[in-house]
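Thanks for coming. I have one structure to go through today, and I will keep to contacts and distances. Please look at it on the screen first.

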Amino acid sequence: MKLADLPNAQAVFVHDDPEGLSAAVAQRVAELAAQAIAARGVFHLALAGGETPRRCYEKLRHLPVDWTHVQVYFGDERCLPAGDAGRNDRMAREALLKHVAIPPDNIHAIPAELGARVAAARYAAVLESAAPLDLVLLGMGEDGHTASLFPGNPAMGSKTPAVPVFDSPKPPAERVSLGLGALNAARHKIFLVAGAGKRTALERILRGEPLPAARILAAEWHLDRAALPGG
Ligand code: 6PG
């Protein structure tokens, strides 16, 4: 199983450890931000949730980014009260957003506290005015899910830019996710995948299983050595 055979991958980068991976992705975000702002005056960035991107966000706050021209969105959110410690936007604020000069109106949180259906409908309208996103950062779960698109979950088949998610196997059960279409329409997609826990999912994807993460087209994968199949 060769990494170069990773389906739909535009490029695969292997880093010695999460620190190296985080630094490399933070640099890529800063590069793509500069390019988009130079070309279109704005950088539409969707942040990933979970734990893996936190270190990348911490590094990104020290890089030269014109945050006044950055519009921030979220790839998915957990239906928890606003400000809850378990929310992805809370992690992103603590690791990055409260440390940089981004105007508060440039941060577009998913109103997941309203419940998945209402929040998804509201967020779809927000995304329509921003599409296509310039960059979507993505994690991958041990079952091969990405954002909050889980294997076998009906949300995978939805065509709306933001989709309500129920019965998520990763708590909480109710979530909102960007839809597969909106993710694939983005100009750039970057995966951050670290740790031995992700090996099996990568092996399954390399064997051709159409897990949600494998359905992201032309993605740039950043892996650490611990996540490598057969490692
Ligand atoms: C979430 C995430 C989810 C995450 C993966 C990987 O809300 O849980 O958006 O898609 O990216 O589960 O999570 P870790 O980075 O914590 O392994």
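I start with Phe 43. Leaving out residues up to four places away in sequence, Phe 43 touches Val 29, Leu 32, Ala 33, Ala 36, Ile 37, His 69, Val 70, Gln 71, Asp 134 and Leu 135, where contact means heavy atoms within 4.5 Å.

A word on the source. This is a predicted model, in which local features need pLDDT of at least 70 and side-chain atom pairs count only at pLDDT 80 or more, while totals for chains, interfaces and linings use all residues. Residues are numbered from 1 along each chain as its sequence is written, and side-chain values use heavy atoms, with hydrogens and water left out.

Back to Phe 43. Along with Tyr 57, Leu 137 and Trp 221, Phe 43 touches the most other members of the largest nonpolar core, which has 79 residues. Helix H1, residues 18-40, gives the most to this core, with 9 residues. A nonpolar core here is a set of buried Ala, Val, Leu, Ile, Met, Phe, Trp, Tyr and Cys residues joined through side-chain atoms within 4.5 Å. Buried means under 20% relative accessible area, exposed over 50%, and partly exposed in between, with a 1.4 Å probe and protein chains only. Helices (H or I, at least four residues) and strands (E, at least two) are DSSP runs, numbered from the N terminus.

Next, Lys 189, in strand S8, residues 188-193. What the side chain of Lys 189 does reach is the backbone oxygen of Leu 217, at 3.0 Å. A polar atom of that side chain also lies 3.4 Å from the backbone oxygen of Ala 186.

Now the ligand. It is surrounded by 15 residues, the closest being Thr 52, His 145, Ala 147, Lys 170 and Lys 198; the cut-off is a heavy atom within 4 Å. Polar side-chain atoms of Arg 78 and His 145 each lie 2.7 Å from a ligand oxygen. For Lys 170, a side-chain N or O atom is 2.7 Å from an oxygen of the ligand.

Last, Ala 120, in helix H4. Ala 120 counts as buried because its relative accessibility is 3%.

Technical notes
Polar contact = N/O pair within 3.5 Å; in protein donor to acceptor, adjacent residues only side chain to side chain.
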